[in-house]
Amino acid sequence: MNAPDNTALGARTMRRLYRDSVALMALASTVEKREGVLRVGAVMATPANLEILDRSGMKPADLVAAPDDLLLVVRAVDEATVQEALDAAEAGLTSTDSGAPRTERAPQTVLEGLAVGDRPTVAAVSTPGTYAPIVVEQALREGLHVFCFSDNVGLDDEVRLKQMAVERRLLLMGPDCGTAVIDRVPLGFANVLAPGPVAIVAASGTGAQEIACLLDRAGVGVSQLVGVGGRDLSAAVGGLMTNLALDLVAEDETTEVVVVVSKPPAEEVAQQLLARLAALGKPVVACLLGLEDTEAPVVVRGTLEGGAAAAAEMLGRSVEIDEASVAAARDAGTTGGLGSVVGLYTGGTLAAEAKIILTRAGVAAEILDLGDDQYTAGRPHPMIDPAARTEHLVRAGARPDVGVVLVDLVLGHGASHDPGTPLADAVREARATAAADGRELLVLGSVCGTAADPQGIDGQRRILRDAGVGLFPSNAAAARHAAALVNDQRTAQEIA
Amino acid sequence: MITGGVRVLNAGLPIIVEGVPSVDVVQLDWRPPAFGDPDLARLAVTLDDDATHAANRIALAAVHAARPRLLAVRPAREVVPGLADGRILLHAGPPIEAKRMCGPMRGALVGAALFEGWAQSPEEAEALLDAGVIAVDPCHHHSAVGPMAGVLAPSMPVFVVEDEGRRAYASLNEGLGRVLRFGAFDQEVLTRLGWMRDVLGPVLDGALQASGPVDVTSLVAQALTMGDEGHNRNVAATSLLARRLAPAIAPLPHALPVLEFLASNDHFALNVSMAAAKLALDNAIGIEGSTLVTAMARNGVEFGLRVAGTGEQWFTAPVGPADGLFFPGYGIEDANPDLGDSAITETLGIGGFAMAAAPAITRFVGGTPDDALEITRSMRRITLAPHPAYPLPPLNFSGAPSGIDVLKVLDTGVLPVINTGIAHRQAGVGQIGAGIVTAPPEVFGQAVRALHARRSAR
């Protein structure tokens, strides 16, 4: 190794100082990282070490050192850098470390997590969808029930994993399952519900939440809320998990009444489902959105509100959509509202219910589910980040053709800590924009939540009312009123 | 409804379990498995079932059951399979043609050819090697292992390690400095090799015959309690071995130079524990369905991995130089890509895996004794069980993490840590540092694909 001519070499001898070779190599490595330093030697000045330094052009010509001396040698771009590096090296010889122990590592994998403390019984999976099937399969293999919040999981994976789960008599809630309450423990977006006699088996997340909250208002508690994922009653999945969930709630001693909530199932699946429900051995409400209400062989309801009411009635209670509160909401917003209806929803099933009610009333409306993939790409779900709805609401306020906006507000675990305030701000801005244009924009809605939810339902309601939102006791009631407003306008125009 | 109550393992967003009492939540620090390759992760999960677990139990039990004894020191040609006739030299790592070898390995082969008298000059030796007149083959294919270049020639003496009638072999360690295993082949090197052949080998063999076999498991276990990790630090094991043999060496001719040689070579026992590790791990070769790693070895160009369930197949990927500390006057630019069969120690569960036992050398990896504990703990995450014969005092006598499972490597993304010496890239310069390498991730992916294909074919 040749020593370059345009560099500086410097040495420092520490008389009778001893450090072991590993410490010295570590020191040399550290000092060598300094700017402008080319090479560092830190050695005991034994003849063997001096020979090594000499071979690599690192031995100063005028060096005087005894074998029990410690020698620092630095080659660097200039003399100043050499001296600074020697100072640093000398300081490094006496530095100490506090030796504080490292913190414990959190488990990373399913298997590692199972080795921590008491064995878990349920795995909650919200990894990116690409990896979710892998984690779910590991969890099922280990005998865990699974709550799979992840979406973007392939249908073939869903079928395969649900078959695997059914073989093991394990729940696989999801993929794309938003809510569950199992043995009183809430997972995902879940309202704080009193324990009670109704089990809800849900292929729709906010649908289950709305039913549970309406039951809560009627003083009826929930025993289990089992999400199964939105595709469970499709022809491909064939209700694999709905069937298992029904088995479990049928056996569950705390359950007296069972509600199944879903978008309308595939035809062949629907027949099997209704046959299964008719033979369940417990009173059942099939809340299948958009279907006609029927009473036999199974009670079928086409709206969430209808499903909740039927279940309450089986228990001798009633979901009071009391006239007084509907009237109060109506009074808050009957003037104005001239124009069409736009729905800006964070809950997919609430959006679907509104659409059904408006359609049944013969009112065409633009109902958007802002939690749908096309709106959430690259951003959080609007139930987590309520600001996502603001721009849609403000835009609606600027549209002269829009007279009524329908909104929802979902409370509970998982939801934003104060979803009301950003919605209220957006409502004020939209209404002000419309007012500046000489129009009145009506905003109607409901709060899906219970008195025990962490956000405080009364405070959230007040925030919305103060912003001029006409608040109804249920999503269905708000939608009915929107439909009535449009139909009244039509009648008025026809008379005129 | 849930037997045992709801206790949640949360893989993903903490918000999902916001409503669950925190005592009933195990929050994972979840990361994408299989180094972020979802297709590979699927294959790994498919393999991770009862059949594989059963195969791994059998494989690991076979490895742990081995009790290798150092039996003899004999010329390689007498004992190593395939070395009795013809011109053949063995080398470290997975197979590689002579033309593609790194400097130190070619240097060592040239030296071995000169030593055997097969060539009269280095140029002639290189020509014979390139032409295939002198054949080359991995040590691992001949029940043998060798550190660094790992070159073994028929007339060199080898350690003979035996258990239940099965044997494994390793060369004798030459010491540091200008030595064949770093590619040096000058007269000093050849003279020392001649002395090892004519004096050291026969004396050690005589001593072993007089004193009886040495229990290598016990030797290594004791050294682990004395500050060795069994790969980069062997001073305790070497001292124990020398002490054990000294009384039997003393009466023999040439006793003093032999004892002086042992006294001056801190790594002398490494080759013994390497042969013993090889013997133990070979017990698992070919156990159908097992995902246990049976060998990790480097040839200075490629890293090679073998897995029990795929028998003698090698999975290879390019290898880089070790990250470590360099002797004065040398730096990373001088370093040869990693080389040697000595990672057989980590494959068994000592070396880097037993770092906790050797606080004295943790500064080679820029660390403290805490880091040493952490390295050993992290190796637990990718191994099947503690080695019952190798309790580590700093970890409350729990055994060294033993038996690398390729499925666990993919699941955790944790790569095996290997302690290693660093060779100069030019033949013959010698060791220029020491440090740590991790196995390349690719080889574990290849192994899982091959295991999966093999299962699908069954």
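The model is predicted: local features need pLDDT of at least 70, side-chain atom pairs count only at pLDDT 80 or more, and totals for chains, interfaces and linings use all residues. Residues are numbered from 1 along each chain as its sequence is written, while chains are lettered from A and ligands numbered from 1 in the order in which they are written.

**Stop 1: a sheet in chain A**

Select β1 (8-14), β2 (37-44) and β3 (70-76) of chain A. Strands here are DSSP runs of E, at least two residues, and helices are runs of H or I, at least four residues; both are numbered from the N terminus. The 3 strands make an open sheet in the order β1-β3-β2, with antiparallel pairing. β1(A) and β2(A) are the edge strands, each with a single partner, so one side of each has no neighbour in the sheet. From one strand to the next the twist averages 10 degrees. Axes for such angles are lines fitted to C-alpha atoms (for helices, over the stretch in contact), and angles run from 0 to 180 degrees between N-to-C directions.

Now zoom in on β2(A) and β3(A). They run antiparallel, joined by 7 bridges. Two strands count as paired if DSSP finds at least two bridges between them. Pick V40(A): opposite stands V74(A) in β3(A).

**Stop 2: helix α7 of chain A**

Select residues 205-217 of chain A, helix α7. Its 13 residues should span 18 Å at 1.5 Å a residue, and the end C-alpha atoms are 19 Å apart, which agrees. The expected span is 1.5 Å times one less than the number of residues.

How many of the 13 residues of α7(A) are buried? The count is 12, so the helix is largely enclosed by the rest of the structure. Buried means 20 or more other C-beta atoms within 10 Å of a residue's own; exposed means 12 or fewer, and partly exposed lies in between, with C-beta atoms placed from the backbone. Among the buried ones are T206(A), E210(A), L214(A) and D216(A). After the helix comes G219(A), with a positive phi near 80 degrees.

**Stop 3**

Most residues other than glycine have a negative phi, and most peptide bonds are trans. Here are some exceptions.

- G174(A) to P175(A): a cis peptide bond, omega about 5 degrees. P175(A) sits in the loop between β6 (172-173) and β7 (179-182) of chain A.
- A296(A) to P297(A): also cis, omega near 0 degrees. Look for P297(A) in the loop between β12 (284-288) and β13 (299-301) of chain A.
- D183(A): not a glycine, yet phi is positive, about 45 degrees. Its loop runs between β7 and β8 (185-188) of chain A. D183(A) is partly exposed, with 15 other C-beta atoms within 10 Å.
- M148(B): phi is positive, near 50 degrees. Find it in the loop between β6 (144-145) and β7 (157-163) of chain B. M148(B) is buried, with 30 other C-beta atoms within 10 Å.

**Stop 4: where A meets B**

Show both chains. The contact takes 61 residues from chain A and 47 residues from chain B; residues are in contact if their C-beta atoms, placed from the backbone, lie within 7 Å. On the chain A side, elements supplying at least two residues each include α1 (21-32), α2 (47-55) and α5 (132-141). α1(A) gives the most, with 6 residues.

Finish on β4 (122-125) of chain A. β4(A) pairs with β1 (residues 8-11) of chain B in the parallel sense, over 4 bridges. V125(A) stands opposite A11(B).

Key. Two residues are in contact if their C-beta atoms, placed from the backbone, lie within 7 Å.
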